[in-house]
Amino acid sequence: MEIPNVADKWTGSVCEITLGATKDSGGSRQKTITIGGSKTVPFMDFEGNPGHKPVIAMDVYDIPPDDWTDTLAKPFADVLNDPAQWAKKCVEQYGADLICLKLDGIHPDKGNRSAEEAVKTVKSVLAAVGVPLVIWGCEHDEKDNEVMPKVSQAAKGENCLMGIASQDNYKTLTATCLADGHSIITMAPVDINIGKQVNILVSEMDFPLNRIVMFQSTGALGYGLEYTYSIQERERLAALTGDKMMSMPVICDVGHEAWRAKEAKSSDSDVPQWGSKEERGPLWEAITAVTLLQSGADIIRMSHPRAVATVKKCIGRLY
Amino acid sequence: MALTGLDIYKLLPKTNCKKCGRPTCLAFAMQLAQKKASLSDCPDVSEEAKNVLGAASAPPIKLVTVGTDAKKVEIGEENVLFRHEEKFYHPTGVAVTIQDDLDDAAFQGRLKKINELKMTRVGTEIEIDLVAVINKSNNAEKFAEAAKKVCSDSHLSIILSSTSVENMKAALANCAEKRPLIHGANPENYESMAALAKEKNCPMTITAPTLEELADLTEHIKKAGVEEIILDVSGDNPKEVLQKLTKVRRAALKKNFRALGFPMITFVHEDDSFLEIALASTYLVKYAGIVVVDNCEPWGIMPLLTARTNIFTDPQKPIQVEPKLYAVGDVKEDSPVLFTTNFSLTYYSVEGEVEGSRIPAYILSVDTGGTSVLTAYSGDKLNDKVVAKAIADAGVEAKVKHRKLIIPGLVAVMSGKLQETLGWEVLVGPREASGIPSYLKTVWKS
């Protein structure tokens with residue numbers, strides 16, 4: 001029996017964005033990464049070009065994280081004090097497509113590191129790996145506005161993805177990224193209207209749309225994942241139906257959020273009925289990621305090597 | 001496609017007899033079209049009209065029930081493709097396999113493990129739904145024996161999986177009263193399988209290499225008298241499986257294509273147990289009615305069940321809780337008082353942990369417009385004055401004798417000012433809700 005054609009005809013598509021710059025284009029990256037470009041809902045290539053494969057940015061912190069459980073810290077035990085070596089390990093051993101350098105240490109409550117120290121860290125990571133970088137501030141507006149411009153300048157020409165610009169604090173970062181040739185992450189806390197608003201604000205400063213990535217803040221599996229899931233799904237549908245201000249690729253912060261969950265980090269003796277934490281933790285992270293992939297995610301920030309390997313495999317099978 | 005009032009009118013007796021309580025047949029037809037009347041109100045309606053109208057008003061995806069009683073699994077009858085449009089109504093059934101060629105001890109051991117796959121998280125118990133008995137031995141007696149054991153020793157619903165009609169018949173003899181799902185019908189054996197399903201009044205699956213063939217087969221099976229059909233779209237290629245799940249759902253919902261208007265099942269076998277759960281979760285969020293996995297470890301099943309909880313949550317559910325003082329447990333005048341925001345996720349995380357600690361406590365949900373602790377603090381929606389006002393509004397001073405307030409560790413920085421404004425002793429609690437039980441047991445107790 002003939003079955004009806006169910007391929008949807010979409011008029012729009014997700015913006016295509018290239019991150020990183022090689023020597024030819026003024027940077028020092030050995031490779032660039034292109035994301036976005038999809039003309040269909042995720043993985044449905046029978047109705048259109050699925051665009052570029054979702055990629056994984058592995059998290060590297062400028063200071064050793066003080067809240068990591070041993071399951072998560074173990075694979076990085078030898079490098080937690082050295083962001084450059086940490087980044088290298090992620091790329092060479094664990095196949096990270098990108099490195100997300102999280103500058104937690106500049107936060108006034110977490111070390112209050114200076115801009116000079118942050119610049120030094122960024123340069124060391126740039127020198128250690130050839131993949132493009134995501135550089136993420138500490139989300140303390142004043143401190144970010146002080147440090148990020150200097151970091152941006154130090155990485156000038158590398159076309160890093162810099163975050164984050166929010167509705168209340170976007171001007172400094174936008175101007176900086178514009179001046180130094182970086183791309184930018186716009187953030188809205190699980191609110192699609194604010195999300196669009198930030199994109200408009202940033203673009204009104206003459207920032208090109210094809211250098212913006214959206215972040216809706218991420219809810220981990222069991223902790224609000226459904227809010228993130230539905231917003232990302234709506235964003236993808238908005239992009240496909242031609243809303244230019246909603247057509248940017250999407251980044252998710254899976255590693256950090258998933259490992260805050262009790263299900264990921266509790267010790268075996270605290271929750272014997274939940275099974276071994278060596279499996280429980282990495283799988284919690286992996287399932288948060290694969291679920292969000294179905295809603296339309298282009299870059300996924302992740303932490304544990306086993307979770308990364310699982311998600312890469314899953315993407316490979318579905319793409 | 002929905003029928004219009006005029007379409008329906010043509011099928012009515014057109015006598016304007018008023019027995020249905022409406023002045024004319026046309027008026028009745030209009031109400032039927034708007035689903036404001038029931039066809040049974042017309043005493044003279046023809047069989048033909050009943051059939052046509054009955055089919056037109058049937059839901060685009062058939063509701064199928066596997067099992068009986070409390071643990072029965074109801075799947076299908078969904079209305080939308082995306083959960084932001086409307087709730088997904090019938091949560092995916094999660095099934096774990098058991099092979100009939102295991103020796104007795106191994107079989108009992110695995111079944112026991114499967115029976116215990118329930119866990120409590122954030123105050124809610126979650127559990128798998130079905131056991132899939134796999135006829136790996138190809139032997140009728142062994143299969144029947146396994147079905148019998150599962151029937152007597154498990155509270156879960158049953159899937160019987162065999163492509164052999166004889167073996168299926170033998171197994172059904174031992175557990176048909178539990179209304180198991182008959183899994184194994186294919187283009188070669190579907191007639192005999194359908195006859196079995198009809199005889200025993202059990203739901204059945206059907207599989208075929210392509211969706212076109214699958215649509216043909218469901219029509220044949222319906223003609224053989226089986227209504228409750230589940231489409232088996234399992235396969236070795238996950239991309240193809242995922243696309244079939246979407247194509248079938250779209251065909252049913254957007255094209256009202258009856259031949260594929262059924263829920264779906266996917267079996268997932270992967271040597272890599274992480275990948276197995278990853279693919280099962282993927283199928284679960286994108287339209288599988290039942291997912292079947294081999295993994296029977298709590299660390300594997302818990303994330304799968306949690307993904308289900310998330311995706312099947314009603315999207316209309318408010319994101320805020322009412323800002324007020326909540327009492328958890330048997331609170332007394334010396335019970336601790338904690339505050340958090342009225343963002344529902346934040347509040348429920350705190351509530352779950354307080355409950356888990358078994359120490360009765362008051363939780364003050366401060367109105368931050370439904371934002372989390374840090375977001376509220378940085379947006380100045382959470383400061384010493386806001387908290388002091390919330391304490392006063394909720395009349396906390398009359399509820400407890402002490403004057404101690406536990407505040408979220410994330411806003412430790414506001415403790416000095418709050419102490420000044422409120423005149424209470426301010427205790428800095430843990431940064432994450434998960435630290436609350438040990439905090440209450442150690443710091444608070446001392």
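**View 1. Thr291(A) in helix 10 of chain A of the predicted model.** Thr291(A) is part of helix 10 of chain A; helices (H or I, at least four residues) and strands (E, at least two) are DSSP runs, numbered from the N terminus. With 0% relative accessibility, Thr291(A) counts as buried, a class defined as under 20% relative accessible area with a 1.4 Å probe and protein chains only. Its side chain reaches the backbone oxygen of Ile287(A) at 2.4 Å. Leaving aside residues up to four places away in sequence, Thr291(A) touches Leu225(A) and Tyr229(A), together with Val285(B) and Ala307(B); contact means heavy atoms within 4.5 Å. This is a predicted model, in which local features need pLDDT of at least 70 and side-chain atom pairs count only at pLDDT 80 or more, while totals for chains, interfaces and linings use all residues. Residues are numbered from 1 along each chain as its sequence is written, chains are lettered from A and ligands numbered from 1 in the order in which they are written, and side-chain values use heavy atoms, with hydrogens and water left out.

**View 2. The interface of chain A and chain B.** In this interface, 52 residues of chain A are in contact with 56 residues of chain B. The two chains bury about 5,100 Å² between them, 65% of it on carbon and sulfur atoms; buried area is the accessible area (1.4 Å probe) that two parts lose on being put together, summed over both. Nine salt bridges are counted between chain A and chain B, each a side-chain nitrogen of Lys or Arg within 4 Å of a carboxyl oxygen of Asp or Glu. One of them joins Lys254(B) to Asp8(A), with the closest N and O atoms 2.4 Å apart. On the side of chain A that touches chain B, two or more residues come from each of helix 7 (225–240), helix 9 (262–265), helix 10 (277–296) and helix 11 (305–318). Helix 10 gives the most, with nine residues.

**View 3. Helix 2 of chain A and its packing partners.** Within helix 2 (residues 83–92) of chain A, the buried residues include Pro83(A), Ala84(A), Trp86(A), Ala87(A), Lys89(A) and Cys90(A). The buried residues of this helix pack against strand 3 (55–61), strand 4 (98–102) and helix 3 (115–128) of chain A.

**View 4. The fold of chain B.** Chain B has 17 helices and 17 strands. Of its 446 residues, 54% count as buried. The C-alpha atoms fill a box of roughly 80 × 70 × 40 Å, taken along the principal axes.

How values were computed
Buried means under 20% relative accessible area, exposed over 50%, partly exposed in between (1.4 Å probe, protein chains only). A polar contact is a pair of N or O atoms within 3.5 Å; within protein, one must be able to donate a hydrogen and the other to accept it, and residues adjacent in sequence count only if both atoms are side-chain atoms.
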